[in-house]
Each structure stands twice: as C-alpha cells, then as structure tokens.
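I wrote down what I looked up, in the order in which I looked.

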Amino acid sequence: MLDVEDRIGVTEAAQVPQQRREHLLDAAVRYAEERHWDVFPGTWLEAVEGAERCSCGDAACPLPGAHPDRPDWAGRSTGSGAAARRMWSKQPRASVLLPTGRTFDALEVPESAGFLALARMERMDLTLGPVTCTPDRRMFFFVLPGAAAKAAELVRSLGWNAGAIDLTGWGEGHYIAAPPTRVGGRGAVQWARRPTHVNRWLPEVDELISPLAYACAREAADARARVS
C-alpha cells in the first residue's frame, strides 16, 4: 500500500509509487473487514516449464492469474473476513477479485487519461474514492453503485461516445482485480489512490464523469493524430 496518508500528487506523466508487498490473504480479509467489500478468490499463477502460467490451464489466457476460477463466482463472494480467511488459506496464491455492482461500481479508463483526470479532479477539489492501476495500463475509479448503467448516457450528454473514447462502466455481474493481485508476468495491480478513512464514502458517477470523459476524449484525439 502507499505510504501516504490520503492522496498522491499526480500529473499526466505520473507513475504509481513503489508499494509494499502484501499477502493476498491479508488484503482479502482487510477489504472485507475494513471496507465491507465482497471478495472472492480467482485463478493464480503456476510455474510451468520455466514460465508462469494461469492455473486455468489455458496457455493463451488473456488475464493469467486474475480471473474467476469457476462460473459460480458471484455466489461465492463474501463480505466476511473470517470466510475470506478460510478461502485464501486453502489457496494462498489465489487472486483477490472484487464483484462490482454491490458496494461500488467502477469506471475504467486508459492509464494516461486516468492520471490526467486525477490531476484535474484534485485541482477541482472533487471527492474521490479509491483508484486502481493495472499492469496493462488501465485505471479503475471506484464510484457508488448504479454508475455503470448511467455512464454511457452521461458521456453522450457531454457530446462524446463512451466506446469511442474508451470509457467503460462496470457494475452488476462483473468484477475487477484488486491489489496485490499479479497479472501474469506483467506486474501487480496497485493503488493509484489507496482506500483510507477519508475516501470511505464514494462519489456519484455524475461528479467524476466530466473530467474523466474530457481526459479520455483528449487521449483518443491524440492517438488519432499520432496515427494520421
């Protein structure tokens, strides 16, 4: 976790600080007990012929070590710290996955746009929840449930198409990987803004959608300009 108490300063080129290694079991229990987030164990990484492979057995797995290991994952999710401890005690290497659409939804954006939006949000002194940063350069902003259902329309009202600017809302029936889950050999999911007592109360999607959409649209325009 980050060694700062509340938030980190960010710029467009900001990098996630080095974070202390935490056991998956401890993280899962803490999320359940301290944040009241549901958690469930996913796949994990195994050494196979000198390489790390996903426990699902698929050599071409797109999310090695970071996806559900069974179809009934939603029903296995728990908000109990004791139950989480039992689950990860059986498989300590299992990834820590958080179902969306329950205590929070998540807005996914490209990392470059996410850091740009974070800088703008801090200048605007907006209320922010936790934010994760994944090894494949994606960021997930935690917001109140219901965001996923409204995100596309809110973006449209601002004059953009959510798919075209690469902004996605994740709600009921989906999940995200939580720190310190590792994704193959790419690295671990980290906190760009870690959970603290200050951001226990999550923002509404309406509060964040404008700076996020603006940053995503800017990044999408820059990407098109680089190609042309």
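The model is predicted, so I kept its limits in mind: local features need pLDDT of at least 70, side-chain atom pairs count only at pLDDT 80 or more, and totals for chains, interfaces and linings use all residues. Residues are numbered from 1 along each chain as its sequence is written, and side-chain values use heavy atoms, with hydrogens and water left out.

I then followed β1 to strand β4 (residues 96-99): 2 bridges join them, and they run antiparallel. Two strands pair if DSSP finds at least two bridges between them. The open sheet here has 3 strands in the order β1-β4-β9, with antiparallel pairing. Its edge strands are β1 (40-41) and β9 (175-177), each pairing on one side only.

I looked for a partner of Arg 102 and found a salt bridge with Asp 38, whose closest N and O atoms are 2.8 Å apart. Arg 102 lies in the loop between β4 and β5, and Asp 38 in the loop between α1 (24-35) and β1, so the pair ties together parts that are 64 residues apart in sequence. The structure holds 10 salt bridges (a side-chain nitrogen of Lys or Arg within 4 Å of a carboxyl oxygen of Asp or Glu).

I checked strand β2 (residues 45-48) and strand β3 (residues 51-54), which pair in the antiparallel sense over 4 bridges. Glu 46 has Arg 53 in β3 as its bridge partner. The hairpin of β2 and β3 has 2 residues between the strands, and Glu 49 takes a positive phi near 50° there.

Strand β6 (residues 131-133) pairs with β10 over 3 bridges in the antiparallel sense. One detail I noted is that Thr 132 has Trp 191 in β10 as its bridge partner.

How do the axes of α4 and α6 cross, and at what angle? The axes of α4 (residues 111-123) and α6 (residues 205-227) come within 8 Å and cross at roughly 135°. Axes are lines fitted to C-alpha atoms, for helices over the stretch in contact, and angles run from 0 to 180 degrees between N-to-C directions. That makes α4 oblique to α6; angles under 35 degrees count as roughly parallel, over 145 as roughly antiparallel, 65 to 115 as roughly perpendicular and the rest as oblique. On the α4 side, the contact residues include Leu 116 and Met 121, and on the α6 side Leu 212 and Tyr 214.

I also looked up helix α5 (residues 147-157), which packs with α6 at an angle of about 45°, with their axes 10 Å apart. That makes α5 oblique to α6. Among the residues in this contact are Leu 154 of α5 and Ile 209 of α6.

Technical notes: Contact means heavy atoms within 4.5 Å.
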